[in-house]
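Please keep the sequence and the model open alongside the text.

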Amino acid sequence: MASSSESDPFERVADAAAARADSPLVVRAGGRAVGLFYHEGAFYATDNRCPHMGFPLTDGSVDDGVLTCPWHHARFELSCGDTFDPFADDVQTYPVEVRDGDVYVNPRPERAESPREHWQDRLEHGLRENLSLVVAKAVIGLDDAGVDATVPLAAGAEFGTHYREDGWGRGLTTLAATANLLDDVRPEDRRRALYVGLTEVADECAGEPPFFVQEPLGATDVPPERLAAWFRENVDLRDADGAERVLRAAVAAGLDEDAIAGMVVAAATDHRYLDSGHRVDFANKAFELLDHVGWEHADSVLPSLVPGLAAADRAEEDSSWRQPVDVAGLVSDAADRLPDLAAAGEDESWTEPGDVVDVLLGDDPHRIVGALTDAIADGATAPELASLVAYAAARRVAQFGTANEFSDWNTVHHTYTFANAVDGLARRTSAVEVYRGVLDAAVSVYLDRFLNTPPTPLPDPAGDRDPAEALAALRETFEVEAAEEVNRAGRLTAEFLAADGDPATLRRALGEALLREDVGFHPRQNLEAAFAQYDRLGGGDRARVHLVATARFLAAHTPTRRAGEQTFTIADRLHRGEKIHET
């Protein structure tokens, strides 16, 4: 067949008479397979790969100007390639000319949009229609076009905050968590991380009414302290609309991140351990997502927290926080003293007592709260105490007894991710109310003590095992559903680290295992929290416990059916031009 030139981009592909008689035909043009169709007196050319899953379109049928793929029955308007079916992309069409009895095709027509524009449009379509395969294709296409990850992250943030009336939930939290994992996972898993986060946003928003925006209060020059008081009062009264208007006013007034984070933390800790810690965790993730996409999205992202804050269950209404010991009252009494305690410790420098971890893991809530309030008066900062309590929470996970009910994993997990969130927020705001989150987390660690009865011993390996061998064995634990694999995963993680295995290599392996599985919300939260805690501690024995804990948690929740991984793999293979239908 004749090749094209700069002056004439068309290539001869077939004899016109033969093409009419043998339609449809597969021809080659521009190095690609093109479907050539003769229909209703005219020739049409399309990419021969169905954009849905790559099936040859010449095996399909044409009727009344509509080309139908026989595999999943995606339909396309033959002349322009537009699809009638949301699950399929539009198929590429090519200009056709008949010259002196021969058919010519232009295999490189000018595109109306750039690859970036095309894949951004497809991503928005996939989010709207909750089409995982379309989202996967868009993520891969954007990355292949060199588009920075902040672009799909911002698209997911805007979609998730506008199309769910109940506001921030597991979808956006997963998106923020997977965004935080991007630098920890293998380069080839970064696309998977974005895909997982974005599909969770789409799934949670599917079928939900939109988030109707409240206008900010019109008052100007309101002191930040008054805005914070108004916000807390409206959340306390469960008036989500009023609280949203105040928060939008604070953003519009240009309050800095410290002040706005302080407002949110105060409202989220005026009552105890809201929604088993989820509300504080969601708040932390909202600020972390803004770290990725930019503060200019704050007016969309932060108000989505308000419906959940206002409607949340409050732990002081739960019998476990009232009987047999009124730990809710104990925390509230201590919270009332926080301004004075913080003032007393303002010029002090705290040194961690040698027995404080044992106290936090003990069975005396009065002693636990007393140790923390004494530490504040002695100069302990909120980040120092939050990190300490997060370590105690990690111990609960690392020493969780597998004889407990499986659902009890969620109990220790909630405490752990709550403590991690308090730690994150403590590094973002100077508001004294963040200490209340520390106290709530410590009490939750206390309430979880029976799930360490008896405690699984922390592994203490000699450090003489080959790290590569330990890592290979660890990967195997994620392939077997058995209680003994949970303890084995913790032990192998400790053996790898004790033998000076590279923590970054371990993290990549854990990330790989996480992202291929349909593990859902909690394991994704857990792993990301463990990585955050490891980084904040900068290595060492305590940091290793966080990785041991999350390896155990992941092993308890794997393997799964890996349906999401199958969808992503299909999209990746299609992008590489593989023939899915032949395997």
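The charged end of R542 sits over the ring of Y391, 4.9 Å from the ring centre, where such a contact requires NZ of Lys or CZ of Arg within 6 Å of the ring centre and within 35 degrees of the ring normal. The model is predicted, with local features needing pLDDT of at least 70 and side-chain atom pairs counting only at pLDDT 80 or more, while totals for chains, interfaces and linings use all residues. Residues are numbered from 1 along each chain as its sequence is written, and side-chain values use heavy atoms, with hydrogens and water left out.

**Charge over a ring**
- R507 lies over the face of F531, at 4.7 Å from the ring centre.

**Aromatic pairs**
- The structure holds 10 aromatic pairs, taken as rings of Phe, Tyr and Trp (its six-membered ring) with centres within 6.5 Å, and called stacked for planes under 30 degrees apart, edge-to-face over 60 and tilted for the rest.
- Because Y273 lies in the loop between helix 9 (257-269) and helix 10 (278-293) and F418 in helix 18 (residues 408-426), the pair ties together parts that are 145 residues apart in sequence.
- Y273 is buried at a relative accessible area of 8%, and F418 is buried at 1% (buried means under 20% relative accessible area, exposed over 50%, partly exposed in between, with a 1.4 Å probe and protein chains only).
- Ring pairs also link Y273, W321 and F418 into a cluster.

**Helix 17**
- Because 15 of its 17 residues are buried, helix 17 is largely enclosed by the rest of the structure.

Technical notes:
Helix = DSSP H or I, 4+ residues; strand = E, 2+ residues; numbered from the N terminus.
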